[in-house]
Amino acid sequence: MVKERARILVVGGGYVGMYTALRLQRKLKGELRRGEAEITVVSPDPYMTYQPFLPEAAAGNISPRHVVVPLRRVLDRCRVVVGEARSIDHEARTASITTLATEEEGTGARPLSYDELVLAPGSVSRTLPVPGLADHGIGFKTVEEAIGLRNHVIEQMDIASSTRDPALRDAALTFVFVGGGYAGVEALGELEDMARYAARHYHNVRPEDMKWILVEATGRILPEVGEEMGRYTVAELRRRNIDVRLETRLESCADRVAVLSDGSRFPTRTVVWTAGVKPHPVLAATDLPLDERGRLKCTPQLAVDGTTHAWAAGDAAAVPDVTAAEPGRECAPNAQHALRQARVLGDNVAHALRGEPLDTYAHKYAGSVASLGLHKGVAQVYGRKLKGYPAWFMHRAYHLSRVPTVNRKARVLAEWTLAGLFKREIVSLGSLEHPRAEFELAAGGKPSQEPPGDPKGSS
């Protein structure tokens with residue numbers, strides 16, 4: 001039993017936010033039933049996105065609705081608020097929250113009081129001042145961006161198939177991905193695989209007509225799978241005629257021309273930016289201690305260092321790695337740690353409310369798996385190195401075991417099974433992004449500023 005009534009505020013509905021709230025509603029089942037505790041989850045979206053499945057959703061292997069988990073269904077004993085925390089005054093135990101209602105009412109942010117704070121806002125894309133990036137770049141962090149990118153790639157193939165302008169055709173069939181981490185390599189591998197398959201249904205577009213370019217500022221890609229597997233990945237991508245540019249940066253993408261630091265210039269209508277992430281901006285609007293990278297300083301018990309009643313984990317937190325041989329090492333900001341940290345974090349909040357000893361987060365890094373397209377992948381797990389089909393199978397098996405809820409597991413498995421029996425779908429549904437465009441024109445309205453079917457951030 002908790003010592004006194006506790007209002008728990010969870011900021012963020014991603015891996016850490018959802019799993020922490022899920023753990024808390026299980027651990028505090030009796031207290032919630034008796035009204036001794038309440039849990040409020042503030043998230044900009046009413047769902048959690050399982051990001052490792054975004055590349056497969058973009059390639060059409062998984063339905064977009066099966067990549068997300070509805071928060072209200074999973075967190076049935078929590079209060080879910082669709083909105084954003086704009087600032088947090090922890091000394092006063094108050095967060096300023098904006099919601100869809102506050103925007104409509106024009107009242108601005110409203111205060112939300114709490115007793116225990118769990119900060120798990122995650123991260124946002126880390127961009128650089130590259131000319132033209134804001135006008136022409138496409139991100140790959142949300143399910144909307146993944147589906148928009150899929151529609152965009154198919155539309156570029158449609159443009160190339162129907163135009164008589166060789167310059168326009170060349171630009172439409174040139175796809176530049178910036179960033180050699182998980183997001184960039186997996187998205188490139190899956191979409192190139194999809195586009196190569198789709199090309200067989202075009203009478204005048206062949207796979208060799210398309211240019212796929214991966215730009216990475218460092219000398220290696222996928223550092224998480226080790227140097228040897230990273231070299232294998234580069235060789236595998238180049239075997240598929242993908243142009244991998246290491247130690248190269250994107251200097252500009254203005255006027256639909258990608259200019260690289262090695263002097264290369266590629267007319268292109270597609271620039272996908274996956275060059276890293278940075279902590280969520282809300283962290284800078286708190287009175288909590290941050291490290292030099294803008295993350296919350298945390299203890300091995302996942303409490304914010306130097307404060308009480310504040311907790312954090314995931315991308316937003318600098319958590320000491322107590323299993324590392326070298327002192328001062330921190331846990332990598334990835335899903336493997338986030339999922340396990342959330343369990344310990346939920347337990348520790350419950351322990352703190354009941355006056356019980358706290359648990360220490362300790363997890364030795366198990367390894368990494370990455371998909372490079374259908375039946376292709378790389379993996380390094382517990383020191384063992386896998387590539388090709390075994391790595392791809394392990395990638396699918398691991399993430400199927402980790403995606404939340406039995407409902408989602410069954411649906412994803414069913415889709416994979418059906419995909420093995422039937423052909424891929426290669427339909428572009430870009431009009432979903434501007435569903436009112438046709439009716440606006442029919443009703444005498446003005447055309448949208450963005451052409452229908454164009455994903456956010458692209459042109």
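This is a predicted model: local features need pLDDT of at least 70, side-chain atom pairs count only at pLDDT 80 or more; totals for chains, interfaces and linings use all residues.
Residues are numbered from 1 along each chain as its sequence is written, and side-chain values use heavy atoms, without hydrogens and water.

Helices (H or I, at least four residues) and strands (E, at least two) are DSSP runs, numbered from the N terminus. H7 spans residues 143-162 and H9 residues 182-198. Their axes lie 11 Å apart, at an angle of about 35°. Axes are lines fitted to C-alpha atoms, for helices over the stretch in contact, and angles run from 0 to 180 degrees between N-to-C directions. H7 contributes Leu 149, Arg 150, Val 153, Ile 154 and Met 157 to the contact, and H9 contributes Leu 191, Met 194, Ala 195 and Ala 198 (contact: heavy atoms within 4.5 Å). By class, this contact has eight nonpolar, no polar and one charged residues. Ala, Val, Leu, Ile, Met, Phe, Trp, Tyr, Cys and Pro count as nonpolar, Asp, Glu, Lys and Arg as charged, and the others, Gly among them, as polar.

A second pair is formed by H1 (residues 15-27) and H11 (residues 335-354), whose axes come within 8 Å and cross at roughly 40°. This crossing is right-handed. The contact includes Tyr 15, Tyr 19 and Arg 23 of H1 and Ala 338, Ala 342 and Asp 347 of H11. It has 11 nonpolar, two polar and five charged residues.

H12 (residues 389-402) and H13 (residues 406-421) cross at roughly 150°, with axes that come within 9 Å. The two helices are therefore roughly antiparallel to each other (angle over 145 degrees). H12 passes H13 in a right-handed crossing. Arg 396, Leu 400, Ser 401 and Arg 402 of H12 meet Lys 409, Val 412, Leu 413 and Trp 416 of H13. Four nonpolar, one polar and three charged residues make up the contact.

An open sheet has three strands in the order S14-S15-S16, with antiparallel pairing (at least two DSSP bridges between two strands). S14 (250-252) and S16 (265-267) are the edge strands. Neighbouring strands are turned by 35° against each other on average, direction ignored. Three bridges join S15 (residues 257-260) to S16. Val 257 has Pro 267 as its bridge partner in S16.

Terms used
Angles under 35 degrees count as roughly parallel, over 145 as roughly antiparallel, 65 to 115 as roughly perpendicular and the rest as oblique. A crossing is left-handed if the near helix is turned anticlockwise from the far one by less than a right angle, and right-handed if clockwise.
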